[in-house]
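Here is a briefing on one model.

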Amino acid sequence: CSAKKNRRVCIVGAGVGGLAVASRIAASSGDNVEVVVLDKNSRDKCGGRCGSFNVDVPGLGTFRHERGPSLLLLKDVYEDLFRECGNYDASTDFKLNMKQCIPAYQVVFDDGDSIELGFPSSSTTNDDKNDEETITKREAKSRAKMNQFESNGATKWEEYMRATSAFLDCGLPNFIEERLDLPSFPAFLIEALRDGARAWPLKPHSDVLDAFFESNKMKAMASFQDLYVGLEPYKKQNSMDGGVITTTAPAVFGLLAA
C-alpha cells in the first residue's frame, strides 16, 4: 500500500484538457498529491475527442478510428506537455511522430464545389522534390479557385490569414497562456488597425468577413471554425456592442487558433 497522500486534487473531465491538467499536477507535485480524474464516460472513452476506438472487420483486420477531429493543431503545445511532465521527447520516447498534413483539409460546399486549404507559408522540410512540385501545383489550383469565387480572392485570403496569424501569435501567449509576450504586440496592433480596423478582433466575426470578402464561399471558408469554439459569428441586433464582449471576445483567439 502506498504512503498516504497529503492532498487530493480532483479533475472533472477526462478529455485531452483534463488529462493534460492532471498530468502536469502529478508531475509537479511529487508523491504528496493524489490526482483523481472523473468523467461521465467509461475508461475506454478516456481522451475525449482525442480518443479512438477499434473496429474488427472479418477477413480484413482491425481498424482504429478517431472519436473526434483528425486534424491536430498547435503541435508545439502537445510537445511541451511531454517535456513538462518528465522531460520526455514525444518522438523519441513515445514514437509519436507528428507530421504536417499538406494541404490541411478540403472544403466541400453545398453545391458540390470544393477547394483544398492549408498550405504552409514557408517551404517544408520534405526532401521529396516530386511531392514538393505536386504541393505547389495543388496550391496554385487552390489560389485559382479563390480567384474564381471573387476578384483577387487569393490575395484577400492571404491578407486575412496574415491578420489571423498575427492575432494568434499574440493571443496565444498573452490571452490564453497568460504569459506576457511584448514582442508580439506590434504585429497584432498593425493588423488590428490596418485599413480602418477591418480585422479588429473584438467585433462580430461576420463584420470582419464582410470587410474582407464579397463571396459567400470565401466567407464560409473563413468561418466554419466558429463551430468548434462555440462562437457566434453574427452580431446581436439588440445589443449595443453586438454581443461581442459576452460571446465573441472570450473565444476569438481560440477561433483564430483553429
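Lys145 counts as buried, because its relative accessibility is 19% and buried means under 20% relative accessible area (exposed is over 50%, partly exposed in between; 1.4 Å probe, protein chains only). This is a predicted model: local features need pLDDT of at least 70, side-chain atom pairs count only at pLDDT 80 or more, and totals for chains, interfaces and linings use all residues. Residues are numbered from 1 along each chain as its sequence is written, and side-chain values use heavy atoms, leaving out hydrogens and water.

**Around Lys145**
- Lys145 sits in helix α4, residues 129–149. Helices (H or I, at least four residues) and strands (E, at least two) are DSSP runs, numbered from the N terminus.
- The Lys145 side chain comes to 2.9 Å from the backbone oxygen of Ser114.
- Leaving aside residues up to four places away in sequence, Lys145 touches Asp113, Ser114 and Ile115. Contact means heavy atoms within 4.5 Å.

**Nonpolar core**
- The largest nonpolar core has 22 residues, and Ile115, Met146, Trp157, Phe213 and Met221 touch the most other members. Such a core is a set of buried Ala, Val, Leu, Ile, Met, Phe, Trp, Tyr and Cys residues joined through side-chain atoms within 4.5 Å.
- Two or more residues each come from β6 (114–117), α4, α5 (153–176), α6, α7 (205–212) and α8 (216–223).
- Helix α5 gives the largest share of this core, six residues.
- Met221 touches Val107, Phe109, Ile115, Leu117, Met146, Phe149 and Trp157, not counting residues up to four places away in sequence.

**Nonpolar surface patch**
- Phe53, Val55, Val57, Leu60 and Phe63 form a nonpolar surface patch with about 410 Å² of accessible area together. Areas come from the Shrake-Rupley method with a 1.4 Å probe; for residues, only the protein chains shown count as cover.
- Patch residues have over 30% relative accessible area and no salt bridge; nonpolar side chains (Val, Leu, Ile, Met, Phe, Trp, Tyr) are joined within 5 Å, like charges within 9 Å. A salt bridge is a side-chain nitrogen of Lys or Arg within 4 Å of a carboxyl oxygen of Asp or Glu.
- Strand β3 (residues 52–57) supplies the largest share of the patch, three residues.
- Val57, in strand β3, is partly exposed at 31% relative accessibility.

**Backbone geometry**
- The Ile102 to Pro103 peptide bond is cis, with omega near -10 degrees. Pro103 is in the loop between α3 (90–94) and β5 (105–108).
- Asn87 is not a glycine, yet has a positive phi of about 55 degrees. Asn87 is exposed, at 64% relative accessible area.
- Ala197 has a phi near 60 degrees and lies in helix α6, residues 185–197.

Methods. Polar contact = N/O pair within 3.5 Å; in protein donor to acceptor, adjacent residues only side chain to side chain.
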